[in-house]
Amino acid sequence: MDRLDRKILAVLQGNARASLQEIGQAVGLSPSPCWGRIRKMEEAGVIQGYTVRINPQSLDLADTVLVQVTLDSHSDNTLEKFGETLASIPEVIEAHLVSGDYDYLLRIVVKDTRDYERLLREKLYKIKGIRHSRSSFVLRTLKKADLPLFVGSV
């Protein structure tokens, strides 16, 4: 991947609906070679898809909760079942297996504290194998950024 590919990615991160004409203008290429580069990055898995950013508050999902989870066991079966269960809970929008004092870090979106309490009772507390969890409500997001495309490049 060269500097032109990174420039194309930067344009797409800013506006995934940009036309080939707009992308080409921004990076100094005509639409045809631009399309060829985009297609190659899609085929290589660099571009994993195109999406829309939705304001959570517009869906009445005002609160984000970060949940640290520790499991009783680390067997393949336990980890697989835990992952499958998390995948079935729509409020869990990210789940990371991490190193350190706990096993997983979850990012969950809910309407409010009552909605989170409901989610705990009806879903999270029913998952077998959880030894301990710790929840932190996000008070304010200070930074949320796209991937840095030019870090370490010349």
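Analyst: Val-52, Ile-54 and Leu-59 make a nonpolar surface patch of about 320 Å². A patch here takes residues with over 30% relative accessible area and no salt bridge, joining nonpolar side chains (Val, Leu, Ile, Met, Phe, Trp, Tyr) within 5 Å; a salt bridge would be a side-chain nitrogen of Lys or Arg within 4 Å of a carboxyl oxygen of Asp or Glu. Areas are Shrake-Rupley with a 1.4 Å probe. Keep in mind that this is a predicted model, with pLDDT of at least 70 needed for local features and 80 or more for side-chain atom pairs, while totals for chains, interfaces and linings use all residues. Numbering runs from 1 along each chain, and side-chain values use heavy atoms, without hydrogens or water.

Leu-59 is in the loop between helix H3 (31-43) and strand E1 (DSSP runs, H or I of at least four residues for helices, E of at least two for strands). Leu-59 counts as exposed because its relative accessibility is 51%, and the cut-off is over 50%, with buried under 20% and partly exposed in between. Asp-60 lies in that loop between H3 and E1 too, and at 43% it counts as partly exposed. Asp-60 also has a positive phi of about 60° despite not being a glycine.

Conventions. Patches are made of residues with over 30% relative accessible area and no salt bridge: like charges are joined within 9 Å, nonpolar side chains (Val, Leu, Ile, Met, Phe, Trp, Tyr) within 5 Å. Buried means under 20% relative accessible area, exposed over 50%, partly exposed in between (1.4 Å probe, protein chains only).
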